[in-house]
Amino acid sequence: MVHIKSAHEIEKMAEAGRIVASVLLAVSRQVRPGISTADLDATARDLIAQSGGVPSFLGYGQPPFPAAICASIDAEVVHGIPSPKRILREGSIISVDVGVCLDGYHADAARTFAVGQISPEVDRLVQVTRESFWKGLAQALPGHRLGDLSAAVQTHAEKHGYGVVRELTGHGIGRNLHEEPDLPNFGRAGHGLRLEAGMVLAMEPMINLGTRRVLMLEDGWTIVTADGRPSAHYENTFAVTDNGPLVLTAWQGEETA
Ligand code: MG
């Protein structure tokens, strides 16, 4: 069942979303060669605690996720587990995914950051992954269908020859981190659930430089590309409104195209 949120609930989620954005911004400023993913997680935990929120991911699922952020380096697509042993290296990319619960409402977002100087090829992957989100978001209007968003993401990514991950999807979000409906990053325009004002969704393209195929590591969480080539991730929580989509997890002045 898809929960339609009231304006009051959307404002609650926007408050959680502002914390999410502040965490991503703080982490982005910390990303550099030599820092560990556990250091980034510590920054996120501190900031979330100071803001009065609770990390949505900590203890989530089975086995319980052990951190506040997912930190996924290079061929890791999503759900990488922070560790003091995972040290960032020049030329890598890292996707950071964070969820915050405030007063019972969740918000969820991810960005992919460059560690120092990255190759033009990988930089383009990161940019196109971000663009594919905004192409999809432009379709997030009442009366449109979920497939319109999915197809816009897929078309933009595949136009560049990239692999679109199919095993993981975006999702509804609200009092639960993951709610109905699933929001795939591939699909057919004109198909699927019809959007209504008050739906709140997290759309999260996971785009691979090579094959779309992925594998799960033995830790039960980390998803990696089957061919070992890099993958990028970009996510925002947004509300469908009569005045167009309202993004709840971008920071002030952030690039939105
Ligand atoms: Mg998500």
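**Close-up views of a predicted model**

View 1. Strand β7 (residues 170-172) and β9 pair in the antiparallel sense over 2 bridges, where two strands count as paired if DSSP finds at least two bridges between them, and where helices (H or I, at least four residues) and strands (E, at least two) are DSSP runs numbered from the N terminus. The model is a predicted one, in which local features need pLDDT of at least 70 and side-chain atom pairs count only at pLDDT 80 or more, while totals for chains, interfaces and linings use all residues. Residues are numbered from 1 along each chain as its sequence is written, and side-chain values use heavy atoms, with hydrogens and water left out. Within this pairing, histidine 171 stands opposite alanine 202 of β9. Helix α3 (residues 120-137) packs on the sheet, where it touches β9, β14 and β15, and its direction makes about 10° with that of β14, angles running from 0 to 180 degrees between N-to-C directions of axes fitted as lines to C-alpha atoms, for helices over the stretch in contact. Helix α4 (residues 146-159) also packs on the sheet, touching β8, β9 and β14, with its direction at about 40° to that of β8; contact here means heavy atoms within 4.5 Å.

View 2. Asp108 (OD), His171 (NE2), Glu204 (OE) and Glu235 (OE) coordinate the magnesium ion at 2.1 to 2.4 Å, donors being N, O and S atoms within 2.8 Å of the metal (3.2 Å for Na, K and Ca), and the site may look incomplete because water is not among the atoms. Glutamate 204 lies in the loop between β9 (200-203) and β10 (206-208), and glutamate 235 in the loop between β13 (231-233) and β14 (236-239), so the pair ties together parts that are 31 residues apart in sequence. Both glutamate 204 and glutamate 235 are buried, that is, under 20% relative accessible area, with exposed meaning over 50% and partly exposed in between (1.4 Å probe, protein chains only).

**View 3. The hairpin of β4 and β5.** Strand β4 (residues 93-102) runs antiparallel to β5, to which 10 bridges join it, and valine 96 stands opposite arginine 111 in β5. The two strands form a hairpin with 2 residues between them, and aspartate 103 in the turn has a positive phi of about 50°. Strand β5 (residues 105-114) is mostly covered, 9 of its 10 residues being buried.
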